[in-house]
Amino acid sequence: MGLFDNAVPGGNITKPLMIALGALLVGKMLSGRSAEQPEQSPAPAPTGPAPTETTSADGGLVGGLGGLLDKLRNAGHGNAADSWVGTGQNQPINANDLGAAIGPQIIREIAQRTGLDEQELLKQLSTALPGIVDRLTPNGQVPQQHQVATAFNT
């Protein structure tokens, strides 16, 4: 995987985890569609509005890396998120805290796309995100969205 080698403890980034990370950070990773293409779901839509309005401009379901970091900061996990971007030691994040910060609707959407159980998805994301964000921000700076997309395409 190049950039993401050894970013996850154990070095194993599974395909469902890459789909989940892409869904959060890069809109065009969603089920292989670009963000501009409308959702075509064979199953009935879940109750409540779908989070498709946040997938604009290939920003993923949360507005890209910057949007994810903002959600974490707004949920009181700024120290952890900032540690991933910074050049020091990465602080962990609890799976439940990550889920609360991202929001249940988005977690449900990603779980459906990956085929993972929501709790397993959160467990894997909470383990992977610190290292992935660290790799995406080697100089302590959040990259432009197109740079994040490029990292996922390599």
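How many salt bridges does the count come to? In this predicted model, the count comes to 3 salt bridges. Two of them involve Arg73. Arg73 forms a salt bridge with Asp70, with 3.3 Å between the closest N and O atoms. The two residues are 3 apart in helix 2, so about one helical turn separates Arg73 from Asp70. Arg73 also meets Asp82 in a salt bridge, where the N to O distance is 2.8 Å. The remaining pair is Arg113 and Glu109, whose closest N and O atoms lie 2.5 Å apart. Arg113 and Glu109 are 4 residues apart in helix 5 and are therefore separated by about one helical turn. Through shared partners, salt bridges join Asp70, Arg73 and Asp82 into one network.

Arg73 has a relative accessible area of 35% and is partly exposed. Asp70, at 41% relative accessibility, counts as partly exposed, and Asp82, at 38%, is placed in that class too. Because buried means under 20% relative accessible area and exposed means over 50%, the value of 35% puts Arg73 in between. By contrast, Arg113 and Glu109 are both buried.

Helix 2, which spans residues 64-74, was considered next. Gly64, Leu65, Gly67, Leu68, Leu69 and Leu72 are buried in helix 2. The buried residues of helix 2 pack against helix 1 (15-25), helix 3, helix 4 (95-102), helix 6 (118-136) and helix 7 (145-153).

Helix 2 and helix 3 pack with their axes 7 Å apart, at an angle of about 145°. On the side of helix 2, the contact is made by Leu69, Leu72 and Arg73. Helix 3 contributes Gly78, Ala81, Asp82, Trp84 and Val85. Sorted by class, this contact has 5 nonpolar, 1 polar and 2 charged residues. Arg73 and Asp82, both listed in the contact between the two helices, are also the partners of the 2.8 Å salt bridge.

For helix 2 and helix 4, the axes are 8 Å apart and the packing angle is about 110°. Helix 2 is therefore roughly perpendicular to helix 4, given that angles of 65 to 115 degrees fall in that class. Leu68, Lys71 and Leu72 of helix 2 meet Leu98, Ala101 and Ile102 of helix 4. By class, the contact of helix 2 with helix 4 comprises 5 nonpolar residues, no polar residues and 1 charged residue. Leu72 takes part in the contact with helix 3 and in the contact with helix 4.

The segment after helix 2 was then inspected. Gly76 follows helix 2 and has a positive phi, near 90°. His77 lies in the loop between helix 2 and helix 3 (78-85). Is His77 buried or exposed? With a relative accessible area of 17%, His77 is buried, because the cut-off for that class is under 20%. When neighbours within four places in sequence are left aside, His77 is in contact with Leu72, Ile93, Asp97 and Ala101.

The largest nonpolar core has 43 residues, of which Phe4, Leu24, Leu25, Leu125 and Leu129 touch the most other members. At least two residues of this core come from each of helix 1, helix 2, helix 3, helix 4, helix 5 (104-114), helix 6 and helix 7. Helix 6 gives the most, with 8 residues. Apart from neighbours within four places in sequence, Leu125 is in contact with Leu17, Ala20, Leu21, Leu24, Leu98 and Pro130. Leu24, one of these contacts of Leu125, is itself listed among the core residues that touch the most other members.

Gly22 counts as buried, at 0% relative accessibility. Between Gly22 and Val148 the C-alpha to C-alpha distance is 9.4 Å, although the two residues are 126 residues apart in sequence.

Definitions and conventions. Residues numbered from 1 in each chain as written. Predicted model: local features only at pLDDT ≥ 70, side-chain atom pairs only at ≥ 80, totals over all residues. Heavy atoms only, no water. Buried < 20%, exposed > 50% of the residue type's maximum accessible area, 1.4 Å probe, protein only. Contact = heavy atoms within 4.5 Å. Core = buried A, V, L, I, M, F, W, Y, C linked by side-chain atoms within 4.5 Å. Axes fitted to C-alpha atoms, helices over the stretch in contact; angles between N-to-C directions. Nonpolar A, V, L, I, M, F, W, Y, C, P; charged D, E, K, R; others polar. Salt bridge = Lys/Arg side-chain N within 4 Å of Asp/Glu carboxyl O. Parallel < 35°, antiparallel > 145°, perpendicular 65-115°, else oblique.
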